[in-house]
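Thanks for coming. I will go through one model today, starting with a pair of charged side chains and then widening out.

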Amino acid sequence: MLKIYGIKQVLNKKVFFILIVAIVFVCISELNNLKLEDFNNRSTIGINHSINAIKFNEGLETIFLSYEKEGRDGKYVPYFNLAFKSAELAMENMKQGNYTEVYRYEMMVRILDLNLYSHLEQREYIEPIARPIWEDISPDIEYPDNNGEEFDIDRPSAIDTNDDFKYWLTHLQYLYTCYNLGIPYVEDHSANNMVFLYKIMDKTIPVSIILFILLLTYDTVSEEHRIHISRNVLSQPFKRHTYLRKKIISNIVAIVPAIIITIILICIFAGIYTDSHSLKMPILTTNNQWTEFYHNGMDIEKKQDSKIFGSDNLGPTLVNKIDLVKKLFDKVVYISFWQMIVTYFLEMILFIIFILSITIYISAMTNKKSISMGVSVGFIGGLYLIYKYFPKIPNPLLALETRNIISGASNFTLLSLTLIQVASILIVVLVGSYLFNRKDISY
């Protein structure tokens, strides 16, 4: 009975539906922002090496003639010709919408570039990743490593560093993942329902959860005390902590489905309004999420900061490539978008339980709604200040950056986030139950 009463108590509040409308409004605003950013970039997404190869094609005859006059060995020329032919085929397939072949030829261009312009000491990064990909996508053509020797050509300084080659290889892995899945490359600015959901995971959903729960539960117990219900309820043959536990469970049953259903409906609308892409879309992450508590996270930039030198897209993630290759190159992996969604919402359920526990226990300890609201806001606000100014201190509000944690952009891992969330819930429940058991509930 307590659970059913608690669910009805939440659903009967007018603010419940007002908050849902507010979440819808914020999400649609974010969707419109994506549409405004999505100029005509998708026509060339993921094939920048092929585009550059075609741009420079006209000047190649002059380069080849100068090399011939210098008496250089021309055995690298067939590799250049193969790169240009592959680039042309990539462009032709892009026009036809054949993404599998687009990425096949684009990867050939990239691997040829990697080997043509690399030094021997850089092959240790290239070979383990590029050779298996080449042998899969082009088994009839010999891997272009010049028999373990360097190609006798001038190397542009722009790619003459290990960092650049590491980033190229990371990007190559992303294209190879798309190729194997048979799905189009999706960038940060692409207006589609997958990137839209990825965007609102960042702050919109967790902040909405805080506001949603705060406004719905701040008076859960204090209101019953005001209208003289709580003493009669607590005179029944069950313990006080059982009463609060049932309150938390009833609120979870009412709030979690409401939030998830709202997001699903918004995403269905987004799927109709934009291009819908596969749930298999690869998302950048690291392979140490469940084995380490803390690591050196990569620097993921906001879209508006994309002019910062060294930033580039890896799928829907705009990442500082220098920071990526220095810290996490050997640990980068890709997971499917549906795996990210499942992980994200499991973490959000823990976050909901934590915020609910905070507001309900504070409500149980106060006799007035205004005091309950003030203390709840103050407590969550205090945690936020700690999170903002002391980011290395474990804090349950790390859930605000769950998407960054999954993407490897945070110094914390999913293991640390989960442990922090569970520990915080246990602390709130134990301390709150102890204090409530000692509280005088007389009027």
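Arg131 has a relative accessible area of 24%, so it counts as partly exposed, the class between buried, under 20%, and exposed, over 50%, with a 1.4 Å probe and protein chains only. Helices here are DSSP runs of H or I with at least four residues, strands are runs of E with at least two, and both are numbered from the N terminus.

Before the next pair, a note on the source. This is a predicted model, in which local features need pLDDT of at least 70 and side-chain atom pairs count only at pLDDT 80 or more, while totals for chains, interfaces and linings use all residues. Residues are numbered from 1 along each chain as its sequence is written, and side-chain values use heavy atoms, with hydrogens and water left out.

Glu292 and Lys331 meet in a salt bridge at 3.3 Å, N to O. Glu292 lies in the loop between strands S1 (282–286) and S2 (311–314), and Lys331 in the loop between helix H14 (321–327) and strand S4 (332–336), 39 residues apart. Glu292 is partly exposed at 25%, and Lys331 at 28%. Back at Arg131 and Glu135, shared partners join those two with Glu127 and Asp145 into one salt-bridge network. The count of salt bridges comes to eight.

Where do Glu106 and Arg110 stand, buried or exposed? Both are buried, and their side chains meet at 2.6 Å, N to O. They are four residues apart in H6, which means about one helical turn between them. H6 itself is mostly covered, with 15 of its 18 residues buried. It runs over residues 99–116, and its end C-alpha atoms are 25 Å apart, in agreement with the 26 Å that 18 residues should span; the expected span is 1.5 Å times one less than the number of residues.

Helix H10, residues 204–217, reaches 20 Å from its first C-alpha to its last, close to the 20 Å expected. Eleven of its 14 residues are buried, so H10 is largely enclosed by the rest of the structure. Among them are Ile209, Ile210, Phe212 and Ile213.

Next, the loop between H16 and H17. Glu401 is found there. Glu401 is buried yet has no salt bridge, and the nearest side chain of opposite charge, Lys203, is 6.2 Å away. For charge, Lys and Arg count as positive, Asp and Glu as negative, and His and the chain ends are not counted. Glu401 touches Tyr387 and Ser410, leaving aside residues up to four places away in sequence; contact means heavy atoms within 4.5 Å. Phe390 lies in that loop too, between H16 (369–389) and H17 (402–406), and is partly exposed at 49%.

Finally, the whole chain. It has 18 helices and four strands, and 53% of its 443 residues are buried. Of contacts between residues at least 6 apart in sequence, 81% join residues at least 24 apart.

Definitions and conventions. Salt bridge = Lys/Arg side-chain N within 4 Å of Asp/Glu carboxyl O.
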